[in-house]
Amino acid sequence: MNFIDLLKRIPEICKTPETLPLEGKKLILDFVTWLGSLVGIAVPPWVLTLVNILVVIVAIIAVFLIMFALMSVWERKILARAQNRYGPNRVGPWGLFQPVADGIKMLTKEDIVPRNADKVVHFIAPIVMLVPALILPVLLPYGRGMVAIDLSVGILFFFAVGAGSEVAIFLAGWSSRNKYSILGAMRAIAQMISYELPLVMSAVIVALVAGTLSPTGIVEAQGGYQFGFFPNWFVFTPWGFVACVLFYFSALAESNRSPFDLPEGESELVAGHLTEYSGFKYALFFMAEYVGMFAINGLLVTLFLGGYQAPLPFLTFIPSWCWFFIKLAFLAFSLVWVRATMPRFRIDQMMQFAWKFMLPMSFAALFSAAAWHYAGRGLLGWGISAVLVAIPYFALGYFCFTRHHSADNRRYLFSE
Amino acid sequence: MHELFQKIIALPWDQAPQWLFLIPAFVMLMGAAAAVMLRNLIHCALCLTLSFIALGVLFMALGAEFVGFVQLLVYVGAVAMLILFAILLTPAGEVAASNNPLRNFKFSRAFAAAGGATVALLVLVSLLGAIFFSPHARAVVPPAQAAIAPVKAIGENLLNHTLLPLQATAILLTAALIGAALLAKEEKKS
């Protein structure tokens, strides 16, 4: 093998975009073997395993950090459009290099640690926040055969590792020795624990129907088309639609995004657990929040939107990994859209929504999915499961969220 | 230089994963020791959390992925947060040093140490007994089969053989939840 052969393979690889990432990885491994032969060593297999792991890790981290950088400018652009202004347009073409400017600004800012703060914990908190967020994307199947670790309990892995961010928020809030920090951290943890229940429940529903906890298996269960054009995605079933919406809102709340951004509510809590953070540590929190948001939306794509499957049969010429990122980009856009549209919840509204609506609805969706599964997945199953989610929906809406006004049972809200 | 490099390459590196478990084991022991010794209660809780995480990693290193992830989910996600909240919500200094009745007792420290040591010893003896005298410890299972219990098998076992204990636990937890909600709802009248 020589270097020219390796170079010649590049155009060949580019001819089939479907397998481009996998072939690219193989090329890098062959390149390492060639490097070894250059020095006169037969490269042992463990080195190749190590290089394989490193290539995957570097690729995932690079892709997600680039997405974070692009998202930070894209979000401001969309928000600006929603508010009828231009948004960042000074740095580079269309303001595309804004993240670079932001990064330099963050790096050169003074890093202030409060005098009374617990300095070690204050330092550790951003790291504890970022590490789980960067671990999460490894289990998502990005394309056919493209998954970093094909875990049989991948969904469980996601929630287990995701639990780390709650600890990190507590660390940040407690170590700052600031009442706004600790209040914000308490709110954030209360919110995350409350919304974790519907989040996990809706994932459980999908695991129940797909019969597996492995993300790849779940995506494969959604392959194929009904009547030749209608994709078998779980979002297009009654229970799946409900579970998908519940998952979407829970994901919003878990990643502390508007309208669930109360932990950082500027008007009440300065910036919540981020109050005493500045410079690069603040940037790390910001980064962790965005990477976590991408990861949880990637899980939504995997669970409900068919993962890397194309929406229509004739669109399969676009490679599968492109479809994953197209869907992810669509979800990211919708998140910004929601942020531009919705005002922030009040804390009691948020809690009521979680416990009185989301949780009962997720149980209803679970029953509905079981009915769909046992009624044979045909039209009958459709009808039964649709009724089973519709009844709780309207009942909950009528009994819990409609105020029945009359002269004497009018309850005055705190804000009145 | 070249020979040294080749010698390093030739070391049995593919055996290394077998010894990697030493890292989480060390972290776990250090975390547990720090949780006992540190003065600041929050620091203790955090070290305990570190110990929980390392234990989960140990499970995963043994191939028991499901148990490892459940360990992380339950202990780091729930138990650690519970401990931290319990420490935060307990009013500090309620038992003031002067009011502590044991303070006036002469050998209180010695007695406390002796009691702690007794409990620790009893736990150690019972654990060792469980390890060495239980029939499961003697059973020779090929490691590959022993480690990877599929989630399906666990679920079927849980809902067939141990259904009654599972339901009993569920009722107990629900009762505890309702009780906690009742306690929390009671407001002090000022």
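Helices (H or I, at least four residues) and strands (E, at least two) are DSSP runs, numbered from the N terminus. The model is predicted, with local features needing pLDDT of at least 70 and side-chain atom pairs counting only at pLDDT 80 or more, while totals for chains, interfaces and linings use all residues. Residues are numbered from 1 along each chain as its sequence is written, and chains are lettered from A and ligands numbered from 1 in the order in which they are written.

**Figure 1. Chain A as a whole has 15 helices and 2 strands.** Along the principal axes, the C-alpha atoms of chain A fill a box of roughly 90 × 65 × 40 Å. Of the 416 residues, 37% count as buried (20 or more other C-beta atoms lie within 10 Å of the residue's own; exposed means 12 or fewer, partly exposed in between, and C-beta atoms are placed from the backbone). Two residues are in contact if their C-beta atoms, placed from the backbone, lie within 7 Å. Among contacts in chain A between residues at least 6 apart in sequence, 75% join residues at least 24 apart.

**Figure 2. Helix α5 (residues 119-135) of chain A packs with helix α12 (residues 279-303) of chain A.** Their axes are 8 Å apart and the angle is about 25 degrees, which makes α5(A) roughly parallel to α12(A). Axes are lines fitted to C-alpha atoms, for helices over the stretch in contact, and angles run from 0 to 180 degrees between N-to-C directions. Angles under 35 degrees count as roughly parallel, over 145 as roughly antiparallel, 65 to 115 as roughly perpendicular and the rest as oblique. The residues of α5(A) that meet α12(A) include Pro126(A), Met129(A) and Leu130(A), and among their partners in α12(A) are Leu284(A), Phe285(A) and Val291(A). By class, this contact has 11 nonpolar, 1 polar and 1 charged residues. Ala, Val, Leu, Ile, Met, Phe, Trp, Tyr, Cys and Pro count as nonpolar, Asp, Glu, Lys and Arg as charged, and the others, Gly among them, as polar.

**Figure 3. α7(A) packs with helix α8 (residues 179-210) of chain A.** The angle is about 165 degrees, with the axes 7 Å apart, and the two helices are therefore roughly antiparallel to each other. The contact is made by residues including Phe170(A) and Trp174(A) of α7(A), and Ile182(A) and Met192(A) of α8(A). It has 9 nonpolar, 3 polar and 1 charged residues.

**Figure 4. Chain A touches chain B.** Here 19 residues of chain A are in contact with 18 residues of chain B. On the side of chain A, α6 (154-162) and α7 (164-175) each supply at least two residues. That side has 16 nonpolar, 2 polar and 1 charged residues.

**Figure 5. Leu252(A) lies in helix α10 (residues 238-254) of chain A.** Leu252(A) is buried, with 23 other C-beta atoms within 10 Å. Leaving aside neighbours within four places in sequence, Leu252(A) is in contact with Arg257(A), Phe260(A) and Val338(A).

**Figure 6. Leu46(B) lies in helix α4 (residues 41-61) of chain B.** Leu46(B) is buried, with 27 other C-beta atoms within 10 Å. Ile87(B) is 41 residues from Leu46(B) along the chain, and their C-alpha atoms are separated by 12 Å.
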